[in-house]
Amino acid sequence: MSSEQKSPFQKIYEENYMKMYHIAFGILKHRMEAENAVQEAFVSIAKNYTRYKEVSESGMSAICITSVKNKCIDILRNQGHLSEENPEELILYNNNIDYEPELHVERREQQEYIRYILRKLPKTQYAVLVLKYYYDLSNHEIANQLGLELKTVEMRLYRAKKKMRELLEREGYESK
C-alpha cells in the first residue's frame, strides 16, 4: 500500500509502534505484556482520535509515548508490581547489560543522583533535556513541541548539558 493510500492513523501507528514497544518492554520486561500495552495504547488513541486531528506529528509522538507509559503503569498496578515508585523512575530496557542485582542498584543510585542534579537546572533547560533523553524526541520535534526555533533548542541543550557537567563536578560526582 502506498503512503498516499494509508490512513492518518495507520501512519501514526507505523511511525510510533517500535518506539512505544521499546518503552513498554523497558518498563514491563516481558514481550507479550509490552505488545499488549502498545495495542491497548493504540486502542485508547483510536477512541480519542478526533481530539488529535490538529496535533503535530511530534505532538502525536509524545501522546503515543505518554499513552503507552500509562498503560504499562496500569498493568504494573494491576499485577501489584508498582509500589510508591515514581513512574518517571522506571528503568528502560537496555539489551547491552544483562540483569545483575549489583548493576541494578548502581544504576538506581546513578539515576537518583542525576534526578537530584536535574532539579537544580532552570525549567527551560530541564524541559529540553527530558524531551531529548527521556522521551527520545529529535531536536526538530522538541522545537515543534515547545514552539521554539531549532537553534534555540540546540543552544538550550548545549547549555543544559554544560550546566549538568558543572553541577556534577561541583558535587564531586565521578562516572565509572
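**Charged and aromatic side chains**

Lysine 151 forms a salt bridge with glutamate 154, with 3.7 Å between the closest N and O atoms. This is a predicted model, and the structure holds two salt bridges. A search of the whole structure also finds six aromatic pairs, and ring pairs join Phe9, Tyr13, Tyr17, Tyr21, Phe25 and Phe42 into a cluster.

**Salt bridges**

- Both lysine 151 and glutamate 154 belong to helix α7 (residues 150-170), where they stand three residues apart, about one turn of the helix.
- Lysine 151 counts as exposed, at 64% relative accessibility, whereas glutamate 154 is partly exposed, with a relative accessible area of 31%.
- The side chains of arginine 31 and glutamate 35 also meet in a salt bridge, at 3.2 Å from N to O; both residues lie in helix α2 (residues 31-47), four residues apart, which is again about one turn of the helix.
- Arginine 31 has 46% relative accessibility and counts as partly exposed, and glutamate 35, at 23% relative accessibility, counts as partly exposed as well.

**A buried glutamate without a salt bridge**

- Glutamate 141, which lies in helix α6 (residues 139-146), is buried yet has no salt bridge, the nearest side chain of opposite charge being that of lysine 19, 4.5 Å away.
- A polar atom of the glutamate 141 side chain does lie 2.7 Å from the backbone nitrogen of serine 138.
- Leaving aside residues up to four places away in sequence, glutamate 141 touches Lys19, Ser58 and Asp136.

**Aromatic pairs**

- Among the six aromatic pairs found in the whole structure is the one formed by phenylalanine 9 and phenylalanine 42, which is edge-to-face, with 6.1 Å from centre to centre and 85 degrees between the planes.
- This pair links distant parts of the chain, since phenylalanine 9 is in helix α1 (residues 8-28) and phenylalanine 42 is in helix α2, 33 residues apart.
- Phenylalanine 9 is partly exposed, with a relative accessible area of 23%, while phenylalanine 42 counts as buried at 4% relative accessibility.
- Phenylalanine 42 also pairs with tyrosine 13: the ring centres are 4.6 Å apart and the planes stand at 50 degrees, so the pair is tilted.
- Because tyrosine 13 lies in helix α1 and phenylalanine 42 in helix α2, their pair ties together parts that are 29 residues apart in sequence.
- Tyrosine 13 is partly exposed, with a relative accessible area of 28%.

How values were computed. Residues are numbered from 1 along each chain as its sequence is written. This is a predicted model: local features need pLDDT of at least 70, side-chain atom pairs count only at pLDDT 80 or more; totals for chains, interfaces and linings use all residues. Side-chain values use heavy atoms; hydrogens and water are left out. A salt bridge is a side-chain nitrogen of Lys or Arg within 4 Å of a carboxyl oxygen of Asp or Glu. Helices (H or I, at least four residues) and strands (E, at least two) are DSSP runs, numbered from the N terminus. Buried means under 20% relative accessible area, exposed over 50%, partly exposed in between (1.4 Å probe, protein chains only). Lys and Arg count as positive and Asp and Glu as negative; His and the chain ends are not counted. A polar contact is a pair of N or O atoms within 3.5 Å; within protein, one must be able to donate a hydrogen and the other to accept it, and residues adjacent in sequence count only if both atoms are side-chain atoms. Contact means heavy atoms within 4.5 Å. Rings of Phe, Tyr and Trp (its six-membered ring) pair if their centres lie within 6.5 Å; planes under 30 degrees apart count as stacked, over 60 as edge-to-face and the rest as tilted.
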